[in-house]
Each structure stands twice: as structure tokens, then as C-alpha cells.
Amino acid sequence: MKRFFGILLAVLLTVGQLTGCGSTEAVNEKDPSAQTDALTSIYNGELERNVTLRILENDTAIEQGYFKQLIDAFNEKYKDYGIVAVDANMDQRSNLADDGPYGYGPDVLYQANDSIMKYVEGKHIYPIPAESLEHYSQIPEHAWDAYKSEVDGKAYYMGVPVNVQTSMLFYRKDMLPKDWETNWDKNKNKVPDMVENWNDLYKYSKSIVESGTGKYGYMRSLYDVYFSSGFLFSYGGYIFGDQNTNPEEVGLSAGNAEVGANVLLQLASVMNEESIDDSITVNGYSKIADGTYFAMMTTPDVYSLFIKELTLEYEKQGMSTESAKALAEENLVVTGLPLLPASGDLTEENPELIPLKAMGGINGYAISAYTKAPNASLAFVEFATSYEMIMKRQELLGSIPAHSDAAKATGGVSEIVFNNLSEGNIVVMPSITEMVQVWSPAETFFTDLAKDAFRTSDKKYTSLEELKNGLKVVDQQIYDAIHTLSN
């Protein structure tokens with residue numbers, strides 16, 4: 001701890017341009033010495049005593065009991081200082097910019113990189129003395145980059161990466177056809193074809209729908225930009241120019257992105273109308289559990305929610321809780337995303353296959369610029385991002401660690417995600433404030449796209465050209481929103 005705060009004091013001498021002050025009073029930005037004095041007085045290397053830290057955590061972490069274990073362990077370690085961490089008791093999407101200045105915000109917040117980095121411009125969060133953290137070298141550069149902000153050619157980090165968020169395929173192993181090893185494993189690699197490529201998943205989903213049992217194969221709420229945008233990226237689309245740093249250039253329609261939109265249109269045709277709105281996002285856990293859905297795409301941190309629902313389903317069938325959970329863990333499989341056909345045609349036989357470039361994010365911790373206990377807050381962040389707690393989070397939530405040592409120890413899905421990240425198949429959400437203008441126009445387009453699968457004579461997207469034009473409209477809407485906001 002002494003080494004940590006010693007390095008901290010040296011680092012803080014250079015970060016004045018990125019910070020506000022720890023109260024609602026502004027620091028005099030025209031006087032560099034005033035900023036330096038303010039920062040060194042806040043991060044003075046001495047833990048504040050007898051303080052309560054309000055922590056804003058992920059809802060799932062709270063519901064599954066991880067957060068309680070975290071704060072209990074932290075509070076035990078720092079009880080001699082009188083430091084107590086508590087639940088901020090706020091919605092996980094609460095806005096620090098609105099709450100912080102009035103004293104209602106958290107001291108420490110856990111959110112995705114795009115959510116945290118939107119607070120940089122308004123100086124609502126403090127930079128982190130990253131290199132002073134004991135686990136700094138265990139976090140790869142591409143994870144730190146999600147929290148990097150440059151001022152006068154110098155890089156600063158505004159948060160500490162905890163886990164990697166991206167799309168994974170969840171499916172029920174016991175819902176595979178009995179003959180899958182004979183008829184659904186062309187390459188004889190002991191992996192079902194329908195979880196390796198979208199053409200076979202489409203074919204299998206279609207066969208389930210046509211069986212008339214009221215069940216479905218692959219399901220997903222297509223309006224959700226986080227999951228649907230990857231299909232555009234895979235064929236040349238992108239969000240912003242210059243590797244998602246230049247909001248003057250919007251490119252969801254770039255390249256052959258319309259081909260990806262057409263893949264989504266084809267997938268919607270083997271779903272039901274719940275794919276249009278948020279229904280599948282909400283009911284997916286229970287529908288996978290009761291066997292209505294075979295597979296869906298979502299993030300690894302909700303693994304425990306699937307297991308919980310599936311365990312309850314088996315308990316209804318008369319199994320003990322222990323046996324039910326063991327069977328749930330056996331039958332629920334999490335794997336990487338299927339490969340796409342280069343042509344975009346899901347009915348093509350033996351297609352050339354390409355990776356799906358999925359949207360992703362780096363979730364992490366940041367420190368509010370309004371905290372009255374910045375040193376204690378920093379101690380909490382270091383404790384919460386320690387190897388022990390990162391592994392505990394993974395164990396309880398199924399999250400993908402952003403620490404190389406933890407990812408290696410975890411293996412399996414974590415290795416798949418790290419490989420995808422390093423190979424560029426995970427597109428990390430832009431860490432610029434303009435990202436907030438992307439969601440609404442893109443959601444509207446994807447909702448309309450899903451609706452088109454259920455339209456009859458009034459279909460809007462009957463050609464790739466119409467899909468291209470639709471995406472160009474989205475690009476313009478995003479650009480206009482950003483331009484209007486800036487003025």
C-alpha cells in the first residue's frame with residue numbers, strides 16, 4: 001500500500017488537465033498550480049478514516065451475491081480505518097453527470113467503457129494512476145485502451161478494466177437432434193454444425209419451426225444494437241471513422257454492410273415477432289430453460305441467470321437442487337459465435353465462412369470526481385480488481401476476466417474471447433461521448449428490419465440496395481444528432 005500511494009503522488013502531478021475537483025466547486029483551470037494543489041490535496045496518499053464509500057455495481061453482481069462478498073471482504077480488510085463500502089442503491093445506468101454535482105452520485109462506479117468515458121469531457125471522473133496498480137501489467141493494452149484519454153500528447157486512463165463483454169452463443173445441448181453426430185457434423189470434429197456456422201443454425205432453426213411444436217431454434221431481440229451491429233461490422237460497416245475515434249465520419253452503411261443486414265432479415269424469418277422488440281431479451285432465460293428456444297446470443301456475465309432458471313425447471317420435474325444444478329450446467333453450453341457465409345446467403349450449401357465481428361466492451365471501475373474520499377475509493381478499486389476478486393467474479397457470474405493471469409487460469413470461453421479480441425473480431429464500443437447518439441437511430445432501423453420479416457405485401461427491404469439506403473439514412477440521422485448536439 002505504501003508503494004502504491006508513493007507512486008500515486010508522482011503520477012498526480014501531471015494529470016490536472018483531466019480532472020475537476022472533489023466538490024461542486026470548480027478548480028481554476030487557468031491556474032495550473034491551483035489544479036496541481038487540488039489534486040495532490042485530494043490524492044495525498046493517506047487513507048481517509050471513518051468514511052462510507054457508495055459503490056455503484058452491476059445489477060447482476062448484486063443479485064447473484066458477488067457484490068456482497070466483495071464489500072464484506074473489503075470492509076473486513078479496512079475495518080481498522082473505519083472505511084465501509086456500501087451499495088449506492090442506484091440503478092446501474094444512473095448518470096453521474098446528473099447526480100454527482102448534487103452529492104447523490106456514487107464514490108466508485110462499475111460500468112462499461114462507453115458509459116464511463118462519457119464522463120471525461122465534463123470532468124466527472126478522476127484519472128487512475130494505472131501504472132501504480134499491482135496488477136497493471138496483467139491487463140493487456142487493448143483493454144487499457146478502452147479507458148485511454150489523450151491530452152497534449154499524453155495518455156491517461158480513466159478506469160480500470162475488470163472484464164470483457166461480448167457476444168457468445170448459449171445453447172441447450174440436450175436439444176440437439178439425436179443424429180447430430182451423423183448428420184450435423186460434416187467435418188467430424190465432434191462439434192455440432194449448427195453451433196459452428198450460421199447457415200446450419202438457420203437450417204436447424206427452420207426445421208424446428210416447421211415441426212409445428214411451438215418451439216424455435218436461434219432467437220434474439222434484433223432491435224438490440226449491441227448484438228445486431230456485429231453483422232454489419234462483419235461485412236465492412238463500422239460506427240465512427242479512424243478506428244471509432246472520429247464522429248465526423250459515420251459508417252454503419254460502409255463496405256457491404258447491407259449484406260449483414262440481410263443476414264439478420266433471414267434470421268428473423270425463423271423467429272417469432274418477439275424478435276422485434278425487447279421480449280426475447282427479457283424472457284430468454286426462462287424460454288431457454290423450458291425448452292422453447294434452442295439457442296440465443298448474449299453476454300457471458302449472465303450465465304448464472306440461465307443456470308438459475310434451468311435449475312428451477314429441473315426442480316419442477318422433481319429433481320433435488322444439487323442434481324438439478326449439475327444437470328443444468330451439463331446441458332447449457334456457452335461457446336463462440338458461429339461463422340458467417342461470405343456471401344451473406346444462409347441457404348448456400350458449403351459456403352466460404354468468415355468470422356462474425358461482434359460488438360464488445362470492457363467493463364471496469366472508475367472514481368467519481370465528486371467523492372470526498374478519493375484515497376479510500378482508489379483502495380477499493382485496487383481491491384476489487386485484485387486477482388482474488390476477479391476470479392471470484394468469474395466464478396459466480398461467468399464473466400470474462402480482463403486480466404491475463406485470471407483469463408489463463410479460467411481457460412475455456414475466456415480463451416476464446418481473448419483470441420477474438422486480439423484478432424480484431426471484437427469491436428470495442430467507442431469510448432467517446434458521441435456514441436450516445438448511435439443507439440436510437442440504429443435501434444429504429446433494426447426494429448424495422450425485424451418487422452419486415454413479418455410483413456406481407458408492404459415489405460420495405462426487398463433488395464440489398466434498399467437495405468443499403470436504409471443504413472445510409474441511419475448514418476445521416478446519427479451524424480445530424482451529433483452535429484445538432486454540438487451546436
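**Figure 1. Asn50, an exposed loop residue.** With a relative accessibility of 66%, Asn50 counts as exposed in this predicted model. Asn50 belongs to the loop that runs between helix H2 (32-42) and strand S1 (52-56). Its phi angle is near 55 degrees, a positive value in a residue other than glycine.

**Figure 2. Asn89 in the loop between strand S2 and helix H5.** Strand S2 spans residues 84-87 and helix H5 spans residues 96-99, with Asn89 in the loop between them. The relative accessible area of Asn89 is 69%, and the residue is therefore classed as exposed, the cut-off being over 50%. Phi of Asn89 is positive, near 55 degrees, in a residue other than glycine.

**Figure 3. Ser253, a buried loop residue.** Ser253 sits in the loop between strand S10 (246-250) and helix H12 (257-268). Its relative accessible area is 10%, so Ser253 counts as buried, the limit being under 20%. Leaving aside residues up to four places away in sequence, Ser253 touches Glu258, Lys468, Leu471, Lys472 and Asp475.

**Figure 4. The largest nonpolar core.** This core has 147 residues, and Trp198, Phe294 and Phe380 touch the most other members. Helix H12 contributes the largest share of the core, 8 residues. In soluble globular proteins, nonpolar side chains tend to be buried together. Across the protein chain, 56% of the 487 residues count as buried.

**Figure 5. The largest pocket.** The space in this pocket amounts to about 1,300 Å³. Its lining comprises 42 residues, of which Gln92, Arg93, Gln165, Asp224 and Tyr226 are the closest to the pocket centre. Helix H13 (residues 279-289) supplies the largest share of the lining, 4 residues. Sorted by class, the lining holds 18 nonpolar, 14 polar and 10 charged residues.

**Figure 6. The second largest pocket.** About 870 Å³ of space lies in this pocket. Among its 30 lining residues, Gln243, Asn244, Thr245, Pro430 and Ser431 are the closest to the centre. At least two lining residues come from each of helix H6 (113-117), strand S5 (148-151), helix H11 (241-244) and strand S17 (426-428). The lining consists of 14 nonpolar, 10 polar and 6 charged residues.

**Figure 7. The largest cavity.** The structure holds 2 cavities of 30 Å³ or more, and the largest has a volume of about 50 Å³. Asn58, Tyr110, Asn163, Gln165, Asp301, Asn363, Arg393, Leu397 and Ser399 form its lining. By class, the lining has 2 nonpolar, 5 polar and 2 charged residues. Gln165 lines this cavity and is also listed among the residues closest to the centre of the largest pocket.

**Figure 8. The second largest cavity.** This cavity contains about 30 Å³ of space. The residues lining the second largest cavity are Tyr218, Arg220, Leu222, Phe227, Ser228, Phe231, Leu264, Leu267 and Met297. Helix H10 (225-233) and helix H12 are the elements that give two or more residues to this lining, and H10 gives the most, with 3 residues. The lining divides into 7 nonpolar residues, 1 polar and 1 charged.

Methods. Residues are numbered from 1 along each chain as its sequence is written. This is a predicted model: local features need pLDDT of at least 70, side-chain atom pairs count only at pLDDT 80 or more; totals for chains, interfaces and linings use all residues. Side-chain values use heavy atoms; hydrogens and water are left out. Buried means under 20% relative accessible area, exposed over 50%, partly exposed in between (1.4 Å probe, protein chains only). Contact means heavy atoms within 4.5 Å. A nonpolar core is a set of buried Ala, Val, Leu, Ile, Met, Phe, Trp, Tyr and Cys residues joined through side-chain atoms within 4.5 Å. On a 1 Å grid over the protein atoms alone, a cavity is a set of points where a 1.4 Å probe fits but cannot get out, and a pocket is an open set with protein on both sides within 12 Å along at least five of seven lines; lining residues have an atom within 4 Å of a point. Grid points are joined across faces, edges and corners, and a volume is the space filled by probe spheres set on the points. Ala, Val, Leu, Ile, Met, Phe, Trp, Tyr, Cys and Pro count as nonpolar, Asp, Glu, Lys and Arg as charged, and the others, Gly among them, as polar.
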